[in-house]
Structure formats: C-alpha cells, structure tokens
Amino acid sequence: MDVLTYSPSSVSDALAWWHGHPDARPLAGGTDLLVRLKDAPEWPPLLDLTYVAGLRGIRITDGIVTIGALSTYNDIENSAVILEHAPLLSEAAALVGSPQIRNRGTIAGNIANASPAGDLLPPLCALDARVDVISTAGARSVPLEHVMLAPGKTALRPYELISSVSFASSKETDSVFERLGQRQALAISKVSLALVARHAGRAIDFVRIALGAVAPVIIRARKTEELLGGKLLDDALMRAACDLVQQEAAPITDIRSNDQYRRAMCGALLERALRRTVQ
Ligand SMILES: Cc1cc2nc3c(=O)[nH]c(=O)nc-3n(C[C@H](O)[C@H](O)[C@H](O)COP(=O)(O)OP(=O)(O)OC[C@H]3O[C@@H](n4cnc5c(N)ncnc54)[C@H](O)[C@@H]3O)c2cc1C
C-alpha cells in the first residue's frame, strides 16, 4: 500500500500542505498513530513533522519552561532544564513504555492522543501547563486542562498543530509523580497522581494534585488541594485528604482494573506523594 507522506521543513509549509489534504494526520513519533493505522484498509495522507524547524528543544526564559512539541520522553527525562525546574516530568517520562517508545514518543503526541492514562498529562496538569498551538489563523495558548475533552478527543481546532508546551518553573516547590501499572515496564497506568507542593517542613502553603486514569480525562483534585492548602500536615489531615481525594475520582472498571481499586489507590498514592514531599 502506498501512503502519501509529506515531510515539510517549516510550520508554514506544513500548514499549507495540510489545507490541501484535509484528511491528513500529523505524524510525530508514530507510537500511537501507526499502531492505530496498522490494520486499516486505507491510510490517510501523513503530515510527517520530523523535519519541521522550531518544534524541538527545551528551554527556560524568564521563569517559563518551554518544551518543543517533538521533544521525546528521552529528551524530557534527561533535560537539565526539566530536572531543575520540573523534576516530576522527568520522573514520569522515565516510566513510560520501553526504551524504544521513550526514544520515539513525543509530548505533543501524548497530549493529542488524549488518553486518560497518558503519563505526561498529570504532571503537566499539576504544573498548570499551557499548550501552545499554531494554525494559519495564528498562534494561541490553551490551558492543558481545557485541551482534553474526552478519551481521544481534544479541543484542538481543525488544522491546528501543537507547537510547544509551557509552564512556570516549579523550582521553589517539591514535586512527584506516582503511578501504578500491572508491572514497571510496558504497562499502561491503572492510576497515576502528580503532586506539586510549596511548603516549609509540614506547613503547606499550597498543593496542586492531578489524577490520571480515574476519569475520562486527567482531573485536578481541587477540593483536596483546598483542604491541604495553608495547613500543617498531621495524621488527621493526611487521613482526611486521602479520603477526600478518593471522592474526587470518577473511575471506571475496564480490562486494566476496577473502579474500587482505582479509587482506593488514589488515596494510597496521595499519601505516598505527600510523604515524599511534605515533611
Ligand atoms: C508499546 C507501547 C507502550 C506505551 N506505553 C505508554 C506509557 O507507558 N505511557 C504513556 O503515556 N503512553 C504510552 N504509550 C503511548 C504513546 O507512546 C504516547 O502517547 C506517545 O507520547 C505518542 O506520541 P507520538 O509522537 O508517538 O505520537 P503519534 O503516534 O505520532 O501521534 C499521536 C496523535 O497525536 C497527533 N499529533 C502528533 N503530533 C502532533 C502535533 N504536533 N500537533 C497536533 N497533533 C499531533 C497525531 O496526529 C495523532 O493523532 C505507549 C505506546 C506503545 C505502542
């Protein structure tokens, strides 16, 4: 089967070609798209982003971290900028799939795929990240939380490309990512939790908590965040927070896990995350 593929070197060329081929699908690492197309009788035209200039690189400018759309899990795991300013993202990237997947899969693909189990999404959500998109109508920036509408469905408009992801440095906070899967490698998350906390010892200034794989999209546990914010973490508050976070989850039963286990594990992962950060 011949597949019409175009490999432009600039965003403007990519967008112009896409408008001429409305059925085309952007192709980054291919670890989601090619798996999905593998058995399809007909393939759409592919807009290969590999050589598009300006979609790579991880940098920090004026306290804002920007990650190029084509950054792979390996790039993110090993980036000095990420290790210093958002270590939970490096932690999450290191847990994805296998070395092959981490070498190919990109941050933009993880976002556009909009899986509730996508492992970069809870950390990005807890970092209050924004998704930078570009089209012939211009550029816009959308909070990540508003990009994911349902499993596999995003708020990206027709002919919009993700160009980068950006968020404020979390250097002044402690942050962690926790996930549970069937095993360590090559397992999709059953439950995941990302936490960003600013605190002095056990005195919490604020926390941001994002949950993965326990609702149709990644969710922020805002009631639990409010409960913890401005308080001294003691055993009673820990118990109350771990109970409340379970109520904020809306898990389902599927082939990977059941709703009761997922709900209970939200509490367990929150306790683990708080013990790793707020002490
Ligand atoms: C064996 C295996 C194990 C995996 N394990 C994990 C895991 O542990 N955790 C996890 O989170 N994921 C996992 N995945 C899923 C996958 O690797 C990730 O979602 C990956 O980040 C997708 O990125 P990609 O570059 O490969 O995207 P692609 O497959 O190229 O594209 C995915 C989707 O994003 C769109 N897209 C890509 N780039 C852009 C852009 N710049 N703008 C707009 N749309 C775009 C494509 O059109 C397509 O719809 C696994 C996949 C496989 C095959």
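## Ligand site in a predicted model

An oxygen atom of the ligand lies 2.6 Å from a side-chain N or O atom of Thr106. The model is predicted, so local features need pLDDT of at least 70 and side-chain atom pairs count only at pLDDT 80 or more, while totals for chains, interfaces and linings use all residues. Residues are numbered from 1 along each chain as its sequence is written, and side-chain values use heavy atoms, leaving out hydrogens and water.

The ligand is surrounded by 30 residues, each with a heavy atom within 4 Å of it. The closest are Pro26, Thr31, Asp32, Tyr73 and Thr106. By class, this shell has 17 nonpolar, nine polar and four charged residues, with Gly counted as polar.

| Residue | Distance to ligand oxygen |
|---|---|
| Thr31 | 2.6 Å |
| Thr106 | 2.6 Å |
| Arg179 | 3.4 Å |

Taken alone, the ligand exposes 990 Å², and the protein buries 89% of that (Shrake-Rupley method, 1.4 Å probe).

Strand E2 (25-27), helix H2 (33-37), helix H7 (107-113) and strand E10 (161-168) each give two or more residues to the shell. H7 gives the most, with four residues. Helices (at least four residues) and strands (at least two) are DSSP runs.

By automatic or database assignment, the chain is divided into domain 1 (5-47), domain 2 (58-168) and domain 3 (187-277). Domain 1 and domain 2 each supply at least three residues to the shell around the ligand. The centres of domain 1 and domain 3, taken over C-alpha atoms, are 37 Å apart.

Methods:
A polar contact is a pair of N or O atoms within 3.5 Å; within protein, one must be able to donate a hydrogen and the other to accept it, and residues adjacent in sequence count only if both atoms are side-chain atoms.
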